[in-house]
Amino acid sequence: MTSMSPTAPSAHSTSGGWFTKTESWLDARGKGAWIAAMVLGFIFFWPVGLALLAYMIWSKRMFAKSCSPRRMSNAMSTMRSTGNSAFDSYKADTLRRLEEEQHNFEAFLERLREAKDKSEFDQFMDERAEAAKSDD
């Protein structure tokens, strides 16, 4: 029989009161949850919706790309050393290779867009030349 040890609660859920817990819960679910809470606040009791809107603007949640701190911490954890030099070397090499592949793919897409633009422009010029010939 195995014994299950309880997992340590996250720092967000234990510190603060109901407001902090609610804020963490909404942050974990993203901007859509904040907007849904605001709309429901306006529907059931308009001052609550107005207060949520003011809080979202004041805390910059309304205009941020994401209000989830979890995504930012994941991005920062890729930079951190694990203590295993072999794995850190492998990780750095893999990240460098992926960045190079991303750069190559973006360059390919740019060349593709340029070729499409040139093709469309050439087609336009050919149609214009044909129209000029038929008018003469």
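These legends describe close-up views of a predicted model.

**View 1. Confidence along the chain.** The mean pLDDT of the chain is 78, and 74% of the residues score at least 70. The pLDDT is below 50 over residues 1–13, a stretch with five contacts in the model beyond near neighbours in sequence.

**View 2. Packing of helices α2 and α3.** The axes of helix α2 (residues 18–29) and helix α3 come within 5 Å and cross at roughly 125 degrees. On the α2 side the contact is made by Glu 23, Leu 26, Asp 27 and Arg 29, and on the α3 side by Lys 31, Ala 33, Trp 34 and Ala 37. By class, this contact of α2 with α3 has four charged, four nonpolar and no polar residues.

**View 3. Packing of helices α3 and α4.** Helix α3 (residues 31–44) packs against helix α4 (residues 46–58) at an angle of about 150 degrees, and their axes are 5 Å apart. Angles over 145 degrees count as roughly antiparallel, so α3 and α4 are roughly antiparallel to each other. Helix α3 contributes Trp 34, Ile 35, Ala 37, Met 38, Gly 41, Phe 42 and Phe 44 to the contact. From helix α4 come Trp 46, Val 48, Gly 49, Leu 50, Leu 52, Leu 53, Tyr 55 and Met 56. By class, the contact of α3 with α4 has 13 nonpolar residues, two polar and no charged ones.

**View 4. An aromatic cluster.** One aromatic cluster is formed by Trp 34, Tyr 55 and Trp 58. Trp 34 of α3 and Tyr 55 of α4 also take part in the contact of these two helices. The structure holds four aromatic pairs.

View 5. Side chains of opposite charge can pair when their charged atoms come close. Asp 93 and Arg 96 form a salt bridge, with 2.6 Å between the closest N and O atoms. These residues are three apart in helix α6, so about one helical turn separates Asp 93 from Arg 96. The structure holds six salt bridges.

Methods
Residues numbered from 1 in each chain as written. Predicted model: local features only at pLDDT ≥ 70, side-chain atom pairs only at ≥ 80, totals over all residues. Heavy atoms only, no water. Axes fitted to C-alpha atoms, helices over the stretch in contact; angles between N-to-C directions. Helix = DSSP H or I, 4+ residues; strand = E, 2+ residues; numbered from the N terminus. Parallel < 35°, antiparallel > 145°, perpendicular 65-115°, else oblique. Contact = heavy atoms within 4.5 Å. Nonpolar A, V, L, I, M, F, W, Y, C, P; charged D, E, K, R; others polar. Phe/Tyr/Trp six-rings, centres within 6.5 Å; stacked < 30°, edge-to-face > 60°. pLDDT = per-residue confidence, 0-100. Salt bridge = Lys/Arg side-chain N within 4 Å of Asp/Glu carboxyl O.
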